[in-house]
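This report describes the architecture of one protein chain. The sequence and the structure are shown first, and the description follows.

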Amino acid sequence: MLWLGVGLPEACDRRSDSVQTMAWLGFEDELPHRPGRVLVAGASGSGKSTLARRLAVVLELRYIELDALHHGANWTPRPEFAADVRRLTAGTRWVTEWQY
């Protein structure tokens with residue numbers, strides 16, 4: 001797994017055996033490789049879904065809308081939500097929002 005960040009470098013100081021960190025990238029820097037799995041994090045209403053949809057187009061990845069998977073009739077949580085997320089994220093090429 002490769003963590004890329006924008007903001008303060010100390011935010012990426014979390015390291016484990018399964019996480020590879022790299023030098024901080026600027027907005028004009030090229031990515032070292034084309035990402036295949038992308039999570040977009042942010043507060044409610046910050047534009048996570050909009051950015052995720054745009055990244056999916058630009059990176060030619062599948063967009064998975066978690067809100068559509070989570071909510072059932074009358075905005076109630078769907079019992080099969082967790083199983084659906086596991087199945088869809090088992091793939092190697094997708095973009096989604098980081099929530100729930």
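Glutamate 60 lies in the loop between helix 1 and strand 2; helices (H or I, at least four residues) and strands (E, at least two) are DSSP runs, numbered from the N terminus. The model is predicted, so local features need pLDDT of at least 70 and side-chain atom pairs count only at pLDDT 80 or more, whereas totals for chains, interfaces and linings use all residues. Residues are numbered from 1 along each chain as its sequence is written, and side-chain values use heavy atoms, with hydrogens and water left out.

The phi of glutamate 60 is near 55°, a positive value in a residue other than glycine. Glutamate 60 counts as exposed because its relative accessibility is 62%; exposed means over 50% relative accessible area, buried under 20%, and partly exposed in between (1.4 Å probe, protein chains only). Tryptophan 75 also has a positive phi, of about 60°, although it is not a glycine. Tryptophan 75 is placed in the loop between helix 2 (66-70) and helix 3 (81-89), and with a relative accessible area of 67% it is exposed.

## Overall architecture

The protein chain has 3 helices and 3 strands, which follow one another from the N terminus as β-α-β-α-α-β. Of its 100 residues, 23% count as buried. Among contacts with a separation of 6 or more, 53% join residues 24 or more positions apart; a contact means heavy atoms within 4.5 Å.

The 3 strands form an open sheet in the order 1-3-2, with parallel pairing. Strand 1 and strand 2 are the edge strands, each pairing on one side only. From one strand to the next, the twist averages 20°; axes are lines fitted to C-alpha atoms, for helices over the stretch in contact, and angles run from 0 to 180 degrees between N-to-C directions. Two strands pair if DSSP finds at least two bridges between them. Strand 1 and strand 3 are joined in the parallel sense over 4 bridges, and strand 2 and strand 3 by 3 bridges, also running parallel.

Individual partners can be named. Arginine 37 has tryptophan 94 of strand 3 as its bridge partner. Threonine 96 in strand 3 stands opposite leucine 39 and also opposite isoleucine 64. In a regular strand the side chains alternate between the two faces of the sheet. In strand 3, Trp94 and Thr96 point one way and Val95 and Glu97 the other way, and all of them are buried.

## Helix 1

Helix 1 (residues 48-59) has 12 residues, which should span 16 Å at 1.5 Å a residue; its end C-alpha atoms are 16 Å apart, which agrees. The expected span is 1.5 Å times one less than the number of residues.

Lys48, Ala52, Ala56 and Leu59 are the buried residues of helix 1. Seen down the helix axis, these buried residues fall within an arc of 85°, so they line one face of helix 1; the arc is that of the directions from the helix axis to the C-beta atoms. They pack against strand 1 (37-40), strand 2 (62-64) and strand 3 (94-97). The face turned away from this buried side carries the exposed residues Thr50, Arg54 and Val57.

## Nonpolar cores

Which residues make up the largest nonpolar core? This core has 7 residues in all: Val38, Val40, Ala52, Ala56, Leu59, Leu61 and Val95. A nonpolar core is a set of buried Ala, Val, Leu, Ile, Met, Phe, Trp, Tyr and Cys residues joined through side-chain atoms within 4.5 Å. Strand 1 and helix 1 are the elements that give two or more residues to this core, and helix 1 gives the most, with 3 residues. Apart from this core lies another, of 6 residues, among them Ile64, Leu66, Phe81 and Trp94.

Valine 38 touches Leu55, Leu59, Leu61, Trp94, Val95 and Thr96, not counting residues up to four places away in sequence.

## Helix 3

Phe81, Asp84 and Leu88 are buried in helix 3. They cover an arc of only 65° around the axis, which puts them on the same side of helix 3. Strand 2, helix 2 and strand 3 are included in what covers these buried residues. Arg86 and Arg87 are exposed on the face of helix 3 turned away from its buried side.
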